[in-house]
Amino acid sequence: MLTKQQTIMCIEEMERMFPMAHCELEHRNTFELLVAVVLSAQCTDVLVNRVTASLFEKYHRPEDYLDVSVEELMDDIRSIGLYKNKAKNIQGLSRKLLKTFDGQVPATHAELESLPGVGRKTANVVLSVGFGIPALAVDTHVERVSKRLAICRWKDSVTEVEQTLMRKLPKEMWSDAHHAMIFFGRYHCKARKPECQVCPLLSICREGKKQAKVRGFDG
Ligand code: SF4
């Protein structure tokens with residue numbers, strides 16, 4: 001397993017490779033961010049952005065999502081996976097925001113996770129991107145990269161990956177590390193064909209060494 005120092009070194013390298021890493025979900029405020037993140041579960045940011053481009057023209061506030069039938073909202077987001085549940089959740093969270101939070105997106109884990117369709121990962125993205133509060137959302141890229149590099153163990157759950165990253169990285173690095181790891185996983189350490197041969201982290205990467213043997217290059 002990588003030490004704290006090695007983990008920090010890896011993240012710094014990823015930040016050098018992707019200095020412009022940022023949240024790729026288009027939004028103009030925290031409420032739009034929340035809706036976009038809920039829509040993004042098991043779906044690409046590109047597709048979410050395509051849908052929200054028109055969705056956010058039609059709906060601006062929580063009230064607007066409750067002014068239409070759930071069928072109409074389902075229709076508006078139909079091209080997104082799990083659209084039926086997501087439409088119900090967006091109406092549910094809009095209702096709760098109005099009833100409990102004066103129509104505002106709350107800024108704590110517990111309050112965010114009390115909203116329908118909002119789990120730990122969504123709450124972390126909203127806290128970090130929307131409010132600038134240090135948080136480390138573990139998505140599929142962050143999990144894969146952490147496991148390949150042996151920052152954590154292969155068998156770790158998503159919660160354990162998050163806890164390990166929070167233990168190994170100083171708090172002030174969490175938000176930027178999250179974006180850097182997503183870009184690194186999305187564009188370099190890809191699920192199918194990681195670019196190990198040209199990876200600056202190859203010399204300390206568990207998976208990279210394995211790939212070197214299988215694909216026949218120097219690890
Ligand atoms: Fe990913 Fe390969 Fe780099 Fe390891 S060496 S971090 S598996 S691209």
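**A colleague's note on the loops, helices and ring pairs**

1. Ala150 is not a glycine, yet its phi is positive, near 65 degrees. Most residues other than glycine have a negative phi. With a relative accessible area of 8%, Ala150 is buried (buried is under 20%, exposed is over 50% and partly exposed is in between, with a 1.4 Å probe and protein chains only).

2. Before going on, please note that this is a predicted model, in which local features need pLDDT of at least 70 and side-chain atom pairs count only at pLDDT 80 or more, while totals for chains, interfaces and linings use all residues. Residues are numbered from 1 along each chain as its sequence is written, and side-chain values use heavy atoms, leaving out hydrogens and water.

3. Is Gln42 buried or exposed? Gln42 counts as exposed, because its relative accessibility is 75%. Its place is the loop between H2 and H3, and Gln42, although not a glycine, has a positive phi of about 55 degrees.

4. Next comes helix H3, which covers residues 45-58, 14 residues in total. From its first C-alpha to its last it reaches 20 Å, close to the expected 20 Å (1.5 Å times one less than the number of residues). Where is the kink in H3 centred? It is centred on Thr52 and amounts to about 35 degrees, the bend being the angle between axes fitted to the seven residues ending at a residue and the seven starting there.

5. Thr52 is also one of the buried residues of H3, along with Asp45, Val48, Asn49, Val51, Leu55 and Phe56. An α-helix has 3.6 residues a turn, so residues three or four places apart point the same way. The buried residues of H3 pack against helix H2 (30-39), helix H4 (62-66), helix H5 (70-76) and helix H11 (174-187), where contact means heavy atoms within 4.5 Å.

6. Now to the aromatic rings. The count comes to five aromatic pairs (rings of Phe, Tyr and the six-membered ring of Trp with centres within 6.5 Å; planes under 30 degrees apart are stacked, over 60 edge-to-face and the rest tilted). The pair of Phe18 and Tyr187 is tilted, because the planes are at 40 degrees, with the ring centres 6.4 Å apart. This pair links distant parts of the chain, 169 residues apart: Phe18 is in the loop between helix H1 (4-17) and H2, and Tyr187 is in helix H11. Phe18 counts as buried at 17% relative accessibility, whereas Tyr187, at 40%, is partly exposed. Phe183 joins Phe18 and Tyr187 in a cluster linked by ring pairs.

7. Stepping back to the whole chain, an automatic or database assignment divides it into domain 1 (4-20 + 137-213) and domain 2 (30-131). Their C-alpha centres lie 28 Å apart, and the contact takes nine residues from domain 1 and seven residues from domain 2.

8. An unreviewed UniProt entry lists residues 39-187 as "domain: HhH-GPD"; such annotations use the numbering here, have shortened feature names and may be inferred rather than shown by experiment. Over residues 39-187 the chain is 64% helix and 0% strand, with the end C-alpha atoms 22 Å apart.

Technical notes
Helix = DSSP H or I, 4+ residues; strand = E, 2+ residues; numbered from the N terminus.
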